[in-house]
Amino acid sequence: KNSSNNLKVSKNMLDLFSKIVLDKVINSEYVEGALEFIKNNFQRYKFFISTGTPTEEIKIILKRKNLIKYFTGIYGSPESKKNHLRKIMDKYKLNYKNLIFYGDSSIDHDAAKNYNIPFGLIRNNYNKNLIKLYKCRKIENFLGEQI
């Protein structure tokens, strides 16, 4: 009986933690210019999301932020970003030369490099060590960014 109560408390704590994280993400700031960039270009280009966030959670986030309509495909965990890219290229018959992968982590860079997809590193406070490491396009925001 006591073990059952502990499981209920643990599940409640996990649910609460998940809700807090979801709310924080939903209320977080955009990379400067990113929203305008997406809104100005989604009708001419296909946009995809490849994230480590669980697929169902990222869909909830995008729906609550009223952004889901801008994306052709949404891919999250548990699958890897390399698998996401393979699926995107296969499903939509896209050539790596016609793609750009914007990301802010070594996982993003490695997934793009695996398929020779041009990579744009979005600089932030957490990836300063990657700036010197990678030879690629580097941006701090999407103000004036052109496809």
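Modeller: From the N terminus on, the elements of the protein chain run α-α-β-α-β-α-β-α-β-α-β, which comes to six helices and five strands. This is a predicted model, where local features need pLDDT of at least 70, side-chain atom pairs count only at pLDDT 80 or more, and totals for chains, interfaces and linings use all residues. Residues are numbered from 1 along each chain as its sequence is written, and side-chain values use heavy atoms, with hydrogens and water left out.

Biologist: Why is Leu67 called buried?

Modeller: Buried means under 20% relative accessible area, exposed over 50%, and partly exposed in between (1.4 Å probe, protein chains only). Leu67 has 9% relative accessibility, so it counts as buried. It's found in the loop between α3 and β2. Across the protein chain, buried residues make up 34% of the 147 residues.

Biologist: And which residues does Leu67 touch, not counting residues up to four places away in sequence?

Modeller: Tyr30, Leu35 and Leu62, where contact means heavy atoms within 4.5 Å. Phe119 is 52 residues away from Leu67 along the chain, and their C-alpha atoms are separated by 23 Å.

Biologist: How do you know that the buried residues of α3 are on the same side?

Modeller: The buried ones are Thr55, Ile58, Ile61 and Leu62. They cover an arc of only 125° around the axis, so they sit on the same side of α3; the arc is that of the directions from the helix axis to the C-beta atoms. On the other side of α3, Glu56 and Lys63 are exposed.

Biologist: What makes one face of α2 the buried one?

Modeller: In α2 (residues 34-41), Ala34, Leu35, Phe37, Ile38 and Asn41 are buried. Down the axis of α2 they fall within an arc of 165°, so they line one face of the helix.

Biologist: How about α5: which of its residues are buried, and which are exposed on the face turned away?

Modeller: Asp108, His109, Ala111 and Ala112 are buried in α5. They fall within an arc of 165° seen down the axis, so these residues line one face of α5. The face turned away carries the exposed residues Ile107 and Lys113. What covers the buried residues of α5 includes α4, β3 (101-103) and β4.

Biologist: Why are α4 and α5 called oblique?

Modeller: Two packed helices are described by the angle between their axes and the distance between the axes. For α4 (residues 81-91) and α5 (residues 106-114), that's about 40° and 9 Å. Axes are lines fitted to C-alpha atoms, for helices over the stretch in contact, and angles run from 0 to 180 degrees between N-to-C directions. Under 35 degrees counts as roughly parallel, over 145 as roughly antiparallel, 65 to 115 as roughly perpendicular and the rest as oblique. So α4 and α5 are oblique to each other.

Biologist: Which residues meet there?

Modeller: Lys81, Lys82 and Leu85 from α4 meet Ile107, Asp108, Asp110, Ala111, Ala112 and Asn114 from α5. They divide into four nonpolar, one polar and four charged. Ala, Val, Leu, Ile, Met, Phe, Trp, Tyr, Cys and Pro count as nonpolar, Asp, Glu, Lys and Arg as charged, and the others, Gly among them, as polar.

Key:
Helix = DSSP H or I, 4+ residues; strand = E, 2+ residues; numbered from the N terminus.
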